Amino acid sequence: MIKQISVLIENEPGQAYKPINVLGEAGIDVCAVSVGDTEDFGILRMITRDNNNAVTILKKAGFTVNLTDLIGVVVEDHPGGLANLLTVFEKESINIEYFYSFIPRKGEKAIMFFKVEEIDAALDKLKKHNVVLAETISE
Amino acid sequence: MTNYYEKEFEIMPREILERLQLERLQTLLGYVYEKCDFYRKKLDESGIKPTDIKSLSDLKKLPFTTKQDLRDNYPYGMFSASMNDIVRVHASSGTTGKLTVAGYTQNDIDIWSAVMARAFMAGGCSHSSIINVAYGYGLFTGGLGAHYGSELLGALTIPASSGNTKRQLQMFKDFKVSTLCCTPSYALYLADEMEKEGYNISDFSLKQGFFGAEPWSEEMRTQIQDRLGIKAYNIYGLSEIIGPGVSIECEHQCGAHIWEDHFLPEIIDPKTLEPLKNGEQGELVFTTISKTGMPLIRYRTRDLCSLIEEPCKCGRTHIRMTRIIGRSDDMLIIGGVNVFPSQIESALFSVKDIEPHYMIIVDRVNNLDKIEIQVEIKDELFSDEVKNIQNLKNKLEKNVSSAISVSVKIHFVSRGTIERSQGKAVRVIDKRRI
């Protein structure tokens, strides 16, 4: 499982910059980012290389912070790679809340992050298939 | 030419008016002492017998009545009349979610209708007027108060109630409405919508409007008059005393005449509770001297203003009050509805784990009052999923809106966004320029 940090942001210019900047100044590498938003508020979701410190720093800076477990899956970087993976989710009836990706370096395998309803059950189901789970973000 | 609905009373010489007031006050005190347990106890505790009141200047010896008293005696404890004689109740919001109830006998409805008819005539209406009542009908006194007064006057009365602006404008035009009754902010909203819908003032037959239920200013009056092509009159009232029609401006628009044959006004210092002289600014206090359902003695309105005793050119001898310039408590008036910040707070805290840090921001957008509540959200309630936050937001909006009868918007902010105050917390920012 991969830990994700979520931060509440207001739907106004400059709001996403603030938490990212706080982490940047503290030397924490933010690898992947996704935003869920409404017209009123947004949720900035991040995968960092140092979650413990990131959470402490963000809380100290006054942000409302939440930690969530995601499923990380390594995906072949070729046409149809993601489709093959999503077929497994469909077959196993795993409900995906949202997902986003992380490509470490050009040409390398991508990591997809999935938020699902019941993570333990979903992991068990995925293990029955030829799915490569990512436990950490590789350096 | 000045027209009066009850000329004898409206231009009654002060001397005779004051004699009438004293007689009515003395009768009232005997009546409430006999009929109302609350007042008998209150007068006994202050060591005052109804017969101790020998002149109007003795009024200051009497104890005050407060909104808290109405709340403590909810719902019927303040009534002096027997329940069989009460024919109607109205109610406004209280500070804790409990309603502030007012009971009326037929006598009271008749008085109310008459003072409203006086008000309409003071503003130039007659039985040939076509009066559109765009105050809300219901527990709020605005709609039915104006309605009964208009009918008593013999005017054509349109019970339009509030909202449905397009239809209101259509009726103005088609029904040849001469007179508008609504909140001043809604009048300006109507003016905006008129322009948007492509109407001209010349499409309408509007002559005058009676605006109240919320504070407003001379600047708003100028705007309303210019944009709607009417004369705009300030009307004042509160359900505890009777409803709209406690006071009204005449054609000279120089302060609202208080119908002193029914309502005795005083201005007090809200801190020392000592009576102030006419012309000095303080809290308005009323004693009702003719109502029988729920008469109130020295009721503290919490509205701040001053009284003008100089005679008015219209010939009416009844004292005038200035515009309300503020409140001596924290009550807000949002689109004519009374709202207490404490009601909002308890509705917010009905949801577990809400941070005790919030800020109520009141603003007027396109002439309509809006409330936004900024709420800090704890990490425990926060979620990575939009739908969870949206659900929480909807739930809070529903709880608060139903508690105060005004729709609100919740805006989540990060921890620490809302300024922590050292002393008394500032919970309300009112951005309205009235």
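Analyst: Let's start with pairing: two strands pair if DSSP finds at least two bridges between them. Please keep in mind that this is a predicted model.

User: What makes strand E3 and strand E5 of chain B a pair?
Analyst: E3 (residues 130-133) and E5 (residues 179-182) of chain B are joined by three bridges, in the parallel sense. The cut-off is at least two bridges, so they count as paired. One residue to look at is Ile131(B), whose bridge partner in E5(B) is Thr179(B).

User: Why are E4 and E13 of chain B called edge strands?
Analyst: E4 (156-158) and E13 (307-308) each pair on one side only. They stand at the ends of the order E4-E3-E5-E6-E7-E8-E9-E14-E13 in chain B, an open sheet of nine strands with mixed pairing.

User: What does helix H6 of chain B touch on the sheet?
Analyst: H6 (residues 141-153) packs on the sheet, touching E3, E4, E5, E7 (231-238) and E8 (243-249) of chain B. Contact here asks for C-beta atoms, placed from the backbone, within 7 Å. The direction of H6 makes about 65° with that of E8(B).

User: And how many residues of each chain take part in the contact between chains B and A?
Analyst: Chain B brings 15 residues and chain A brings 18. On the chain B side, helix H11 (386-404) and strand E20 (408-413) give two or more residues each. That side divides into six nonpolar, five polar and four charged residues.

Note on methods:
Residues numbered from 1 in each chain as written. Chains lettered and ligands numbered in written order. Predicted model: local features only at pLDDT ≥ 70, side-chain atom pairs only at ≥ 80, totals over all residues. Contact = placed C-beta atoms within 7 Å. Helix = DSSP H or I, 4+ residues; strand = E, 2+ residues; numbered from the N terminus. Nonpolar A, V, L, I, M, F, W, Y, C, P; charged D, E, K, R; others polar. Axes fitted to C-alpha atoms, helices over the stretch in contact; angles between N-to-C directions.
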